[in-house]
Amino acid sequence: MTSVDSTEPDLPPAADDGPDERPGAATATADRPAAAPPARRTGGVGALLARLHFYAGVLVAPFLLVAAVTGLLYTFTPQLDSIVYGKELHVSRTGDRALPLSGQVAAARAEHPDGTLTAVRPGTGDGTTQVDFSLPELGEKTHTVYVDPYTGDVTGQLTTWWTSTPLTTWLDVLHRDLHLGEVGNLYSEFAASWLWVIVLGGLVLWWRRARGGRTARRLLLPDRAARKGVRRTRGLHAATGVWIALGLLFLSATGLTWSTYAGANFGKALDSLRSSTPYVSTALTHDHASGSTPDTGSEAPPADPAAIDGVLKAARDAGVDGPVQIAVAPDQATAWTVSQTRNLWPVGRDSVAVEASTGDIVDRVDFADWPLLSKLTTWGVQAHMGLLFGIVNQLVLAVIAVGLVCVIVWGYRMWWQRRPTRADRRAPLGAPPARGGWRGIPSGPLAVGIVLVAAVGWVIPLFGIPLAAFLAVDMTVGTLRARRAARTASDA
């Protein structure tokens, strides 16, 4: 739960929502002076978590808010694509039998004579066939020509990035780096690196606050009896956070898997465990037509695009069904690749390498044979993007995103509501929990905790580096204030 609440977890819930619930808000009467606010506990795990949760909420919440809003926009890109690019992506089906794929590729080449043919995704149902051409000036992007599979008519052309339309690409980059390049990548990784910390810390704080009455109703629902004030806001903040906590933890974990720095460490871990995504080999070690070794001393002739019909038939005969992408071989000394592209559950990722001249399957990798961690990564990515379970997946992500926005807004509202308002103690915002909570933790658990946090910080640098910087600044400020207080006391 993203929180900026400054309330210590060891304090019991306030009895009412009146102004004296806020620090420094006690009122005075003609007969008696204002009572001082009760002292708070400053030691132990609860106090340490409260301070960490408070500052993480204040500093990280803006990044999480941006990630939630941009992620919400990206969630519905399939529907947006159908609206914006309906002419390119969909056709009115005019027959039950599609034209030969080679004829569709020829129609795309005639419409776009430039570039190198790199991939083809045959159209099924009311979907168009997508033919990709690479151009040096496009870099990683490709020029995609859309062809009606039943008539051979070209329905449009777009510049795509990993099969994504310009709109989806723009929203993807917005969510990932705000169109700021490598510097912008740090924002999303920073948010993902701290999201799980804030969520787990918030859950622990809410569990501790509810001690003595940990019923499902109290933990999962806000206190509807609370009047307007910080108690009501805290209840909305915490209860909403509990409901979306599992989804937030999932998004944090899956987001980190393809981030710049933590993602690189994750990739190294998969490599060391031999759990990386396997790919078919496209190298032809001998000439299947003649049985002789190809002449590697001279450049092999380019692949014939007309061979795509035989390649697709060989793959279908080998059991590679459903939507597929055909990677065109760069030359006749290299096999073509036909890979399933089914993102819906159950995910299809079977892949075969086909020797075009003979139709032989020279290599094969089935999704069922992938390492478990590689499967989990693929499923996680598809679910994170809202593709794994279709519209249900999209709606769940939308609810989580909206819930996160509400949690952040309520967290900042608590920060405002807990500000001192007494005439002699006015402050613009609520005070953070007191520092020094670690002093109340036994030395053994504290040492283990330091080692674990250091290890996590090493694996997730955008968690470790900001945490180290915060601790350094916090300790420096605390030392300076202590010295100032000591000088003031000595001068008095």
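Student: What covers the buried residues of α14?

Tutor: This is a predicted model, and in it the cover includes α1 (45-75), α6 (182-209), α9 (261-272) and α13 (443-459). The buried residues themselves are Pro461, Leu462, Phe463, Gly464, Leu467, Asp474 and Gly478. Here is a general idea to keep in mind: an α-helix has 3.6 residues a turn, so residues three or four places apart point the same way.

Student: What span should helix α14 have, and what is the distance between its end C-alpha atoms?

Tutor: Helix α14 covers residues 461-491, and at 1.5 Å a residue its 31 residues should span 45 Å. The end C-alpha atoms are 45 Å apart, which agrees.

Student: At what angle do α6 and α14 pack?

Tutor: The angle is about 80°, and the axes are 8 Å apart. Angles from 65 to 115 degrees count as roughly perpendicular, so α6 and α14 are roughly perpendicular to each other. From α6, the contact uses Leu186, Glu189, Phe190, Ser193, Trp194 and Val197, while α14 brings Leu462, Phe463, Pro466 and Leu467. By class, that contact has eight nonpolar residues, one polar and one charged.

Student: Now the sheet. In what order do the eight strands come?

Tutor: In general, strands of a sheet pair through backbone hydrogen bonds, either parallel or antiparallel. Here the order is β4-β3-β2-β1-β5-β6-β7-β8, in an open sheet with antiparallel pairing. Each of β4 (154-160) and β8 (360-365) has a single partner strand, so one side of each is left without a neighbour in the sheet.

Student: How many bridges join β6 to β7?

Tutor: Four bridges join β6 (residues 336-340) to β7 (residues 351-355). To find your place there, look for threonine 337, which stands opposite alanine 353 in β7.

Methods:
Residues are numbered from 1 along each chain as its sequence is written. This is a predicted model: local features need pLDDT of at least 70, side-chain atom pairs count only at pLDDT 80 or more; totals for chains, interfaces and linings use all residues. Side-chain values use heavy atoms; hydrogens and water are left out. Helices (H or I, at least four residues) and strands (E, at least two) are DSSP runs, numbered from the N terminus. The expected span of a helix is 1.5 Å times one less than its number of residues. Buried means under 20% relative accessible area, exposed over 50%, partly exposed in between (1.4 Å probe, protein chains only). Contact means heavy atoms within 4.5 Å. Axes are lines fitted to C-alpha atoms, for helices over the stretch in contact, and angles run from 0 to 180 degrees between N-to-C directions. Angles under 35 degrees count as roughly parallel, over 145 as roughly antiparallel, 65 to 115 as roughly perpendicular and the rest as oblique. Ala, Val, Leu, Ile, Met, Phe, Trp, Tyr, Cys and Pro count as nonpolar, Asp, Glu, Lys and Arg as charged, and the others, Gly among them, as polar. Two strands pair if DSSP finds at least two bridges between them.
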